[in-house]
Amino acid sequence: MINSICKNKKLCTGCTACQAVCPKKCISMIEDKGGFRYPRINMDICIQCGLCQKTCPVNNPIESNGVMKSYAIRNKNKRILKKSTSGGAFSAFAMYAFERNGLVFGVGFDDKLKVRHFGIDLSEKNRLAEMICSKYVQSDPGRTFTEVQNALQQNRLVIYSGTPCQIAGLKSFLKKDYSELITIDLVCHGVGSPFVLQQYLKYMSEKYHSRIVDVRFRNKTYGYHSSTMKLTFENGKEYYGSARVDYMLKAYFSGICSRNSCYECPYKQIERCSDFTIFDSWHINQVSDITEDDNRGYTNIYVHSQKGAELISKLSKFWDIVETDTEITRTLDGSMIDHYPPKHPKRDEFIAMLHEQSIGLAGKKYLNITPKDYFIEKSKSVLYHAKLLDKVVGTIRKKV
Ligand SMILES: Cc1cc2nc3c(=O)[nH]c(=O)nc-3n(C[C@H](O)[C@H](O)[C@H](O)COP(=O)(O)OP(=O)(O)OC[C@H]3O[C@@H](n4cnc5c(N)ncnc54)[C@H](O)[C@@H]3O)c2cc1C
Ligand code: SF4
Ligand code: SF4
Ligand code: SF4
């Protein structure tokens, strides 16, 4: 009798493949204390067909490929580059799809500032801005796997971007390879808790006495190498905070709020089932003949399929591109290709405290932000306003 789907609940990534495949629509995704969604079967309706267990990519891993070619790219559109996490690779793929009446699936915020996947076509091109920039919280794929299948059955080009576990889920659900499907995954540090994000936004909204209208986890005001969280409030105020002092970023990078599967992620390998893997290019002047790093960002791209290799040359109008060495980029920029975020010993306590107290109090107790951290953060802002930040960051980076 089927009463659980994934062979080990701790490894369930919440990809939604089981929910999408169920012929009786009797699987719901239910949030745990961290706001992470897990499947639950309505046993009154289940017909014990076993499709969910067979489709789960944790139970039955799908075929993955190594890296055929590696590149670093920068989007030619300056406005897009500024808004993108690194070099704006995702937007270049999206523009290509729009020109071919394709659909683009990516991650943005809904009107309650919850992180979700959604799909857009040319008529909603202005919503691409919502997808640009990494959100370090688990996204809800919703019904997008079924929407992708419907579009592919009508022979439409589809670009789907997500974490490696989401791409594995999508591919398991689709069961066959479609020539019109392009998948893009990320080098994935892990995903943070949706519940922690909501508590953080509530706290910041109260602190600034205003509704939050925009959230950017990797804003480039201080440059690519010093990117920060940026919140924009309805009353016109703006907040900037780096991973050194910002409660959400600090919680994310200290491993205190990731999904349990991220601490034992089955996708931590260079081989992928996607067509492309994109990730930060922190060392452009060491992986290419570009000598000057102007602090505006590049994206590393690994190509995993013939389809991907053929597509690369068709995007040259959208980006500047250089070929790189896979092993060098892996060593310099790809530590999270095969490393797990360390699980913070107080993870569960931190999340439990947030059900009772504000992130201001929980942050003080668990996140270890020191007066020195606040001092460095303040100095950064002073240097920026004195137009000296680039020079100082450049000097420090040369020494490292
Ligand atoms: C949760 C997460 C963890 C990451 N960890 C690392 C890492 O450890 N090392 C590293 O080098 N790079 C990591 N990245 C990738 C990096 O942040 C950039 O996304 C990448 O460099 C591409 O940037 P870009 O400028 O080309 O694209 P951008 O324009 O910034 O596009 C971002 C893309 O990511 C998608 N996306 C945004 N948020 C999510 C989400 N929550 N879940 C799924 N997809 C999302 C968007 O749909 C879009 O396709 C991570 C990204 C995410 C979302
Ligand atoms: S066994 Fe079949 S009917 Fe039951 S939950 Fe799984 S997919 Fe749905
Ligand atoms: S298919 Fe995805 S959501 Fe369903 S049990 Fe497996 S990992 Fe979890
Ligand atoms: S670390 Fe692994 S399990 Fe966690 S979101 Fe990334 S790919 Fe999925």
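In the predicted model, the shell around ligand 4 consists of 6 nonpolar and 3 polar residues, with no charged residues. The surrounding residues are Thr 13, Pro 164, Cys 165, Cys 188, Gly 190, Val 191, Ser 261, Cys 262 and Cys 265. The shell around ligand 3 holds 10 nonpolar and 3 polar residues, and no charged residues. Of the 13 residues around ligand 3, those that come nearest are Cys 12, Thr 13, Cys 15, Cys 18 and Cys 56.

The chain is assigned to three parts: domain 1 (9-55), domain 2 (69-191 + 258-338) and domain 3 (194-257 + 341-399). Between the C-alpha centres of domain 2 and domain 3 the distance is 25 Å. Contact between these two domains involves 36 residues of domain 2 and 27 residues of domain 3. The size of an interface is often given as the accessible area lost when the parts come together. For domain 2 and domain 3 the buried area is about 2,800 Å², and carbon and sulfur atoms give 55% of it. On the domain 2 side, the residues that lose the most area to domain 3 are Tyr 136, Tyr 263 and Asn 295, which together make up 27% of what that side buries.

Helix α14 spans residues 347-354, and its buried residues are Arg 347, Phe 350, Ile 351, Met 353 and Leu 354. These residues lie on the same side of α14 because they cover an arc of only 160° around the axis. An α-helix has 3.6 residues a turn, so residues three or four places apart point the same way. The buried residues of α14 are covered by elements including α8 (194-207), α9 (247-253) and α15 (359-366).

Technical notes
Residues are numbered from 1 along each chain as its sequence is written. Chains are lettered from A and ligands numbered from 1 in the order in which they are written. This is a predicted model: local features need pLDDT of at least 70, side-chain atom pairs count only at pLDDT 80 or more; totals for chains, interfaces and linings use all residues. Side-chain values use heavy atoms; hydrogens and water are left out. A residue is near a molecule or strand if one of its heavy atoms lies within 4 Å of it. Ala, Val, Leu, Ile, Met, Phe, Trp, Tyr, Cys and Pro count as nonpolar, Asp, Glu, Lys and Arg as charged, and the others, Gly among them, as polar. Buried means under 20% relative accessible area, exposed over 50%, partly exposed in between (1.4 Å probe, protein chains only). Helices (H or I, at least four residues) and strands (E, at least two) are DSSP runs, numbered from the N terminus. The arc is that of the directions from the helix axis to the C-beta atoms. Contact means heavy atoms within 4.5 Å. Domain bounds come from an automatic or database domain assignment. Buried area is the accessible area (1.4 Å probe) that two parts lose on being put together, summed over both.
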